[in-house]
Every structure is written in structure tokens, then in C-alpha cells.
Amino acid sequence: MSRSESRPFVLTLAAASLVLAGCGSSSSASASGAVQGSITVFAAASLTEALTTLGTNFQTAHPGTTITVNFGASSALATQITQGAPADVFASASATTMDQVVTAKAAASPKTFAENVMQIVVPSSNPAEITQLSDLAEPGVKVVLCQVEVPCGSTAAKVFTNAELTVKPVSQEADVKSTLSKVTLGEADAALVYVTDVRAANAKNTGKVMGIEIPAAVNASTSYPIAPLTSSKNPGLASAFVDYVLSPDGAAVLTAAGFARP
């Protein structure tokens, strides 16, 4: 089984008026009190599409700001934060990983901004003819899951516990995007990922994969908390961005991506 961590995907969202922004994570504010400067957001991989849109929208509304987003497994990001990695905001895919950061006094007062549920994803050709959750336990079916310490892995484990199923994956990946890619590339018959990731995959590659619903009685969900980090060098901008994610405009973007309201 693969136990390696994937390299985080870093996306920089640059505002049109970058000339007004400071370098790095420097703090600055205009005479009118408007937020300026730059921040780095550490965010769960499953937030890639939604948070990219939120970052772009925020920058449009606040010229002179730069939002750099580092996407990865929440568990790995939490470890990096507690070990002193420079960042300003943490958006996690589970309360457990956020609690690690809060316990280390690297963040305080996180707020939940979204929820997500699991879904089976298969190639559009569905070579293993999977139609329901129990099919994943059949001999010869190549199932890929997230590593159990990653939120998508622990949430998948809850699904199997609820359904009283034993599923032996052929590999366990570092985050939900790596898990999904195994199916997208035809290297696995199925995977358990978030419903939002199936939607995003089909938006990028129409017809590449197919989602199969999991009955609500056995499905499991995870919550997404967000908080500014206590080490932020631009706390004003960090707080403003968190407030935007929690705002009705932020919720509209998240709902469109398939996330549920908390």
C-alpha cells in the first residue's frame, strides 16, 4: 500500500493591483482601513475548486490583496502548522485536525463553514459493474481509499463500519485528490471520496467518472472548520478572508460546489 504523502498543490491568486500589496505575508492597511497585503491559506485538498473561486472573488472585492493557497491532506497540513510552517489561515476537512492546531495554540475559535458526505466513484465504463456499497467488498474489486489518518480516509472507515463491511484497498493515498485520480486514470475500479470531488471531476472531464450514491443510513459526513492562525503576520487580512468564507456569498460558492451548510 502506498503510504507516501503527496506534494501539496500551491495556488497563488494574484489581484490585479499587486503593486499595492506587500511582499510575503506582510501586514498593511490603507488609510481608510481597507485590508491589503498577502496571506497564505492552508486548506484541505477537497476544497481546491471552491476555495480557488472564493480566493479569486475576495481579491476582486479587495484590490491590493494576494491569497496564496496550499492544498493538501488536512492531517499533513495540521502537522506542518504545529511545527511552525508559515501560514495565516487553516481550513480543515475535519474537526479533529483543527483540534490539533488549536491544542497547539496555533489557532483559536474555529468556525464550521461546510459539511461533506462520501460517495462511491467509478470509471464511467464501470468495469467492475459496481452498483452499491457492498460490491466494494467483492473479491477482485480494486478499491482505493485515502489513508486512514486523513479525513477522507477516516470518514470512509465510518461508512464501512456503519454498513458492517470489510473492504481491503489495493492502495491508500495521501489525500482525496490522489485517491480520485486513481479512478480517473483507470487504475482502480472504485474509490470512496467526497461527493464534491466527484462533481468537480465531472466538471473538468465530463463523463470520465460516475458517482454512486451511498444510502444515508450508512453514509458518513465530515465538517469543515476554518480559523485564522495565531502566528499570522497579517491578522487583519486573515480575519477578513475567514469572514468572507463564512459569509452568505461564501456559502453560495460552497453550496454550488456541492457542500452542505453546517
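Is Glu164 buried or exposed, and what is its relative accessible area?

Analyst: The model is predicted. In it, Glu164 is exposed, and its relative accessible area is 74%. The cut-off for exposed is over 50%, so a value of 74% puts Glu164 in that class.

The position of Glu164 comes next. Glu164 sits in the loop that runs between helix 4 and strand 8 (171-173). Its backbone has a positive phi of about 55°, although Glu164 is not a glycine. Glu129 is a second residue of this kind: it is not a glycine, and its phi is positive at about 55°. Glu129 belongs to the loop between strand 6 (111-123) and strand 7 (143-146). Glu129 is exposed, with a relative accessible area of 63%. A positive phi also occurs at Gly84, which follows helix 2, and there the value is near 100°.

Helix 4 covers residues 151-163 and is one of the elements that the buried residues of helix 2 pack against. The others are strand 3 (35-44), strand 4 (65-72), strand 5 (89-91) and helix 3. The buried residues of helix 2 are Ser74, Ser75, Ala76, Leu77, Ala78 and Ile81.

Helix 2 (residues 74-82) packs with helix 3 (residues 95-103) at an angle of about 5°, and their axes are 9 Å apart. Helix 2 is therefore roughly parallel to helix 3. On the side of helix 2, the contact is made by Ser74, Ser75, Ala78, Ile81 and Thr82, while helix 3 supplies Thr97, Gln100 and Val101. Sorted by class, this contact between helix 2 and helix 3 has 5 polar residues, 3 nonpolar residues and no charged residues.

Thr97 lies in helix 3. With a relative accessible area of 3%, Thr97 is buried; the cut-off for buried is under 20%. Leaving out residues up to four places away in sequence, Thr97 touches Ser74, Ser75, Ala78, Phe90, Ser92 and Pro151. The side chain of Thr97 also makes a polar contact of 3.0 Å with the side chain of Ser94.

Strand 3, another partner of helix 2, contains Val35. Val35 counts as buried because its relative accessibility is 19%. Val35 and Ser239 are 204 residues apart in sequence, but their C-alpha atoms are 9.8 Å apart in space.

The chain as a whole gives the setting for these details. Its secondary structure comes to 8 helices and 11 strands. The protein chain has 262 residues, and 51% of them count as buried. Among contacts between residues at least 6 apart in sequence, 79% join residues at least 24 apart. Elsewhere in the chain, ring pairs link Phe113, Tyr194, Tyr224 and Phe259 into a cluster. The count of aromatic pairs comes to 5.

Notes: Residues are numbered from 1 along each chain as its sequence is written. This is a predicted model: local features need pLDDT of at least 70, side-chain atom pairs count only at pLDDT 80 or more; totals for chains, interfaces and linings use all residues. Side-chain values use heavy atoms; hydrogens and water are left out. Rings of Phe, Tyr and Trp (its six-membered ring) pair if their centres lie within 6.5 Å; planes under 30 degrees apart count as stacked, over 60 as edge-to-face and the rest as tilted. Axes are lines fitted to C-alpha atoms, for helices over the stretch in contact, and angles run from 0 to 180 degrees between N-to-C directions. Helices (H or I, at least four residues) and strands (E, at least two) are DSSP runs, numbered from the N terminus. Angles under 35 degrees count as roughly parallel, over 145 as roughly antiparallel, 65 to 115 as roughly perpendicular and the rest as oblique. Contact means heavy atoms within 4.5 Å. Ala, Val, Leu, Ile, Met, Phe, Trp, Tyr, Cys and Pro count as nonpolar, Asp, Glu, Lys and Arg as charged, and the others, Gly among them, as polar. Buried means under 20% relative accessible area, exposed over 50%, partly exposed in between (1.4 Å probe, protein chains only). A polar contact is a pair of N or O atoms within 3.5 Å; within protein, one must be able to donate a hydrogen and the other to accept it, and residues adjacent in sequence count only if both atoms are side-chain atoms.
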